[in-house]
Amino acid sequence: MEFHKINLETWKRKEYFEHYFSHVPCTYSITVKLDITALLNQKTKLYPAMLYAITTVVNKHEEFRTAFNEREELGVYSQMIPCYTVFHKDSETFSNIWTEYDPDYAKFFANYEKDQKEYGCLEGMSPKPNLPDNNFPVSMVPWTSFEGFNLNLEKGYGYLLPIFTMGRYYKDEKRWWLPLAVQVHHGVCDGFHVSRFINELQDLIKEEKRFEH
């Protein structure tokens, strides 16, 4: 993983970033319904498949990999990894676990299964140590579906990376639908970028045999 610092003076988004980061701080969220019928037909586990799909599209575009590093320098990570929630039924709490990304789904799924076996039953906020800086958050609320969802972050105006939240999927007219909320910072990500992300994510999860392992 590499972190490439942005030269603000030559950056094409300089004017937009300064406006939405400093003058009119702005984050926003959008909730969509994804058709996951083809994905479910492949008989794979939904959560790791969606983690893989989201991360794959995130890694295609700089606007979803732009962040401040530990020295508060603005830049772009060369690759991102998902940090996702795992629920503990007994205590009704959750843990955050991260998994190394691999563009080959079978390898990513193997990484996911290994992390679940080693850390999935451990309680606490972060049972898997050494979380890399190049992570972005993903969570799932599998107990309910929703039409809208947003997070209210006290320091959210300084957080540039995307945040993804999935809900319970449901069937409607022979198709299966999954609600997905995407929260972004307007300083690095416009409506065009979010729309492109959603369209590419939808295309990816419709690919036949993509999620075999």
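The model is predicted, so local features were considered only at pLDDT of at least 70 and side-chain atom pairs only at pLDDT 80 or more, while totals for chains, interfaces and linings use all residues. Residues are numbered from 1 along each chain as its sequence is written, and side-chain values use heavy atoms, with hydrogens and water left out.

One of the salt bridges joins the side chains of Arg-175 and Asp-35, with an N to O distance of 3.0 Å. Arg-175 belongs to strand 10 (residues 175–185) and Asp-35 to strand 2 (residues 27–35), so the pair ties together parts that are 140 residues apart in sequence. Helices (H or I, at least four residues) and strands (E, at least two) are DSSP runs, numbered from the N terminus. Asp-35 is buried at 7%, whereas Arg-175 is partly exposed at 34%.

A salt bridge is also formed by Glu-63 and Arg-196, whose closest N and O atoms are 2.8 Å apart. This pair links distant parts of the chain, 133 residues apart: Glu-63 sits in the loop between helix 3 (46–58) and strand 3 (66–68), and Arg-196 in helix 5 (residues 191–205). Glu-63 is buried, with a relative accessibility of 11%, and Arg-196 is partly exposed, with 27%. Elsewhere, salt bridges link Lys-5, Glu-70, Arg-71 and Glu-73 in a network.

Within helix 4 (residues 105–119), Lys-114 and Glu-118 lie four residues apart, about one turn of the helix. Their side chains meet in a salt bridge of 3.4 Å, N to O. Lys-114 is exposed, at 53% relative accessibility, and Glu-118 is partly exposed, at 41%.

At the start of the helix, a side-chain oxygen of Asp-104 comes to within 2.9 Å of the backbone nitrogen of Ala-106.

The buried residues of helix 4 are Tyr-105, Phe-108, Phe-109, Tyr-112, Asp-115, Gln-116 and Tyr-119. They cover an arc of only 125° around the axis, which puts them on the same side of helix 4; the arc is that of the directions from the helix axis to the C-beta atoms. These buried residues pack against helix 3, strand 5 (81–88) and strand 6 (93–98), contact meaning heavy atoms within 4.5 Å. On the other side of helix 4, Lys-114 and Lys-117 are exposed.

A search of the whole structure for disulfides, each a pair of cysteine sulfur atoms within 2.5 Å, finds zero. The sulfur of Cys-26 is 11 Å from the closest cysteine sulfur, that of Cys-189, which is too far for a bond. Cys-121 is likewise in no disulfide, and the nearest cysteine sulfur, in Cys-83, is 17 Å away. Cys-121 is exposed, at 71% relative accessibility.

Notes. Salt bridge = Lys/Arg side-chain N within 4 Å of Asp/Glu carboxyl O. Buried < 20%, exposed > 50% of the residue type's maximum accessible area, 1.4 Å probe, protein only. Polar contact = N/O pair within 3.5 Å; in protein donor to acceptor, adjacent residues only side chain to side chain.
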